[in-house]
Amino acid sequence: RKKDFFVFPKQTFKPFMSKVFMNEGIREITISFPILGQDKKEIGGNKGFLGVLVCYIDVKELAQTFLEPVKTGITGYAWILNEEGTLLYHPSHSEMIWRNIFKNDGTCLECHESFKNEKRMVKGEKGTRESFVRTGGKKLIAYYPVKIYAAWGHNVNAGAVTTNWSIAVSAPYS
């Protein structure tokens, strides 16, 4: 009853979504939704609040279900980066998933000329740009933020924060 996934919906009557965390070897997010009675006018009290529905979602399964099928040409695909620069899904670099692309050992620079696009992505920007990857040539990339209403690690009374994930789709010029 003291966990954010319970307290936040109880106090705000709004859904909650956690950051990605490890749960028994699976990287998950927790989403909880308030269950409200007929009288939901009194947010400060418990009158309309009945409980929460909590869902634990495997991020790998989520990405494979919705992003793995996205293919553009022979070498185009979709991938996800979170607001911290952690790669949540990438079909051709599984060794980099769950690693921060800005805090790497230099491996990423063997392929990537720069991280200009990725820096825009972590800021929550949307855009279309060129991208050059040494192993795959010049590509077009389109990225769009996914803004998630959350309250992870923050005082519930101070209000919610927004978590940004960014979904990118790349396509080879060819």
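Lys-138 lies over the face of Tyr-173, at 5.6 Å from the ring centre, where a charge sits over a ring if NZ of Lys or CZ of Arg is within 6 Å of the ring centre and within 35 degrees of the ring normal. This is a predicted model, in which local features need pLDDT of at least 70 and side-chain atom pairs count only at pLDDT 80 or more, while totals for chains, interfaces and linings use all residues. Residues are numbered from 1 along each chain as its sequence is written, and side-chain values use heavy atoms, with hydrogens and water left out.

The structure also holds 2 aromatic pairs, a term for rings of Phe, Tyr and Trp (its six-membered ring) whose centres lie within 6.5 Å, with planes under 30 degrees apart counted as stacked, over 60 as edge-to-face and the rest as tilted.

| Pair | Centre to centre | Angle between planes | Type |
|---|---|---|---|
| Phe-6 and Phe-49 | 5.7 Å | 85° | edge-to-face |
| Phe-8 and Phe-16 | 6.1 Å | 55° | tilted |

The pair of Phe-6 and Phe-49 links distant parts of the chain, since Phe-6 belongs to helix α1 (residues 4-12) and Phe-49 to strand β4 (residues 49-58), 43 residues apart; helices (H or I, at least four residues) and strands (E, at least two) are DSSP runs, numbered from the N terminus. Both Phe-6 and Phe-49 are buried, which means under 20% relative accessible area, whereas exposed means over 50% and partly exposed lies in between (1.4 Å probe, protein chains only). In the other pair, Phe-8 counts as buried at 1% relative accessibility, and Phe-16 counts as buried at 2%.
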